[in-house]
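Good morning, and thank you for joining. I would like to take you through one structure, element by element, and I ask that you keep the view open as I speak.

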Amino acid sequence: MKILLPTSTAGSLPKPSWLAQPETLWSPWKLQDKALIEGKRDALRVSLHEQQLSGIDIVSDGEQTRQHFVTTFIEHLNGVDFEQRKTVKIRDRYDASVPTVVGAVSRQKPVFVEDAKFLRQQTKQPIKWALPGPMTMIDTLFDNHYKSREKLAWEFAKILNQEAKELEAAGVDIIQFDEPAFNVFFDEVNDWGIATLERAIEGLKCETAVHICYGYGIKANTDWKKTLGTEWRQYEQAFPKLQKSSIDIISLECHNSHVPLDLLELIRGKKVMVGAIDVATNTIETPEEVADTLRKALKFVDADKLYPSTNCGMAPLPRSVATAKLNALSAGAEIIRKELSNSY
Ligand SMILES: [Zn+2]
């Protein structure tokens with residue numbers, strides 16, 4: 001990136017009300033068949049346009065073409081039966097009815113590649129595309145075939161690598177893997193979680209990112225956060241190994257969270273997408289608040305490696321709130337750019 005402090009979002013943006021019920025997470029589609037395909041693409045264009053108007057530097061599809069950040073990917077794979085459902089605890093936190101792995105998993109055809117090509121046609125700006133990470137994928141399923149979380153994660157890593165290579169060929173500049181599970185299963189993260197993630201990015205020439213957060217602002221997550229105490233040190237567990245990994249960028253929740261920012265010292269040298277926008281509240285950050293978070297992060301992240309971002313996806317927020325938050329992100333980044341250029 002040539003520009004200093006390039007802004008981006010961590011992931012999803014709200015969908016238009018004609019495509020899916022607003023302010024609802026994992027909202028079902030309102031359209032069907034051909035109209036749905038067209039509707040998703042129109043929504044992608046709108047979402048891109050809104051990011052551009054807000055001055056976002058690294059743009060995305062706003063996840064307009066997917067219903068769920070993990071399930072939509074898994075729906076396209078062989079070996080998973082969506083009719084056979086089991087209730088499991090997601091990230092040790094909340095019960096959810098999930099599909100069952102009934103046989104060897106494989107990718108029948110590209111999942112997001114056509115959508116990524118479509119986004120690529122719409123803009124010359126750098127584009128980022130999000131995929132679920134292997135550990136978060138296995139945590140969203142009941143496995144009745146491999147009967148080993150690690151084995152299934154390695155299989156998913158291979159599949160993700162196929163998809164990632166095609167996304168790269170489609171012109172995606174940054175491929176991001178969402179791994180909120182990294183904040184929960186510390187032993188597994190270090191035993192094989194980061195290794196499977198590195199398998200997923202094997203051979204890629206584009207940049208790669210991992211997004212680790214404390215989740216959307218849904219009740220199960222905010223309740224969980226209340227149990228974490230005043231200092232959230234979860235990142236401390238995975239950071240040393242992530243620092244040594246081949247992942248280029250680490251995307252984190254920083255604003256309004258209780259993450260002690262000095263933990264960022266543990267990943268010194270990596271590029272960091274610093275979450276400076278809280279997605280769990282409708283309150284709009286002021287540009288000065290955003291700048292303040294970035295200023296604090298700059299103590300531990302070199303300026304040329306700091307990417308201002310949102311804490312997580314904004315799909316469940318009202319559109320006007322999400323847009324105002326994007327504007328605040330851009331304005332806050334601009335304050336710090338000016339400060340940095342004055343100090344040189
Ligand atoms: Zn997130």
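Let me begin with helix H3, residues 113-122, where Asp115, Ala116 and Leu119 are buried. Please note before we continue that this is a predicted model. An α-helix has 3.6 residues a turn, so residues three or four places apart point the same way. What covers the buried residues of H3? The cover includes helix H1 (33-53), strand E3 (128-132) and helix H5 (149-169).

Strand E3 brings us to the six-stranded sheet. This sheet is open, its order is E3-E5-E6-E7-E8-E9, and its pairing is parallel. E3 and strand E9 (306-309) are the edge strands, each pairing on one side only. From one strand to the next, the twist averages 25°. H5 packs on this sheet, where it touches E3 and strand E5 (174-178), and the direction of H5 makes about 170° with that of E3.

Let us now move along the sheet. Strand E6, residues 207-212, and strand E7, residues 249-253, are paired in the parallel sense over four bridges. Here Ile212 stands opposite Leu252 in E7. On the way to the next strand, E7 and E8 pair over five bridges, again in the parallel sense, and Leu252 has Val274 as its bridge partner in E8.

The bridge partner of Met273 in E9 is Tyr307. Between these two strands the chain passes through helix H9, residues 287-297, and this β-α-β crossover from E8 to E9 is right-handed.

I turn next to the nonpolar interior. In soluble globular proteins, nonpolar side chains tend to be buried together. The largest nonpolar core in this model has 96 residues, of which Trp129, Phe156, Val172, Val272, Val274 and Leu294 touch the most other members. Which element gives the largest share of this core? That element is H5, with eight residues. Phe156, for its part, touches Val105, Pro134, Met137 and Ile138, leaving aside residues up to four places away in sequence.

Finally, there is a second open sheet, of three strands in the order E1-E2-E4, and its pairing is mixed. Strand E1 (77-90) and strand E4 (142-143) stand at the edges with a single partner strand each, so one side of each is left without a neighbour in the sheet. E1 and strand E2, residues 94-107, run antiparallel and are joined by ten bridges. Within this pair, Arg85 stands opposite Pro99 in E2.

How does H5 lie relative to this sheet? H5 lies across E1, E2 and E4, and runs at about 70° to E2. Thank you; I welcome your questions.

Definitions and conventions:
Residues are numbered from 1 along each chain as its sequence is written. This is a predicted model: local features need pLDDT of at least 70, side-chain atom pairs count only at pLDDT 80 or more; totals for chains, interfaces and linings use all residues. A residue is buried if 20 or more other C-beta atoms lie within 10 Å of its own, exposed if 12 or fewer, and partly exposed in between; C-beta atoms are placed from the backbone. Two residues are in contact if their C-beta atoms, placed from the backbone, lie within 7 Å. Two strands pair if DSSP finds at least two bridges between them. Axes are lines fitted to C-alpha atoms, for helices over the stretch in contact, and angles run from 0 to 180 degrees between N-to-C directions. A crossover is right-handed if, with the strands pointing away from the viewer, the path from the first strand over the helix to the second runs clockwise. A nonpolar core is a set of buried Ala, Val, Leu, Ile, Met, Phe, Trp, Tyr and Cys residues joined through C-beta atoms within 7 Å.
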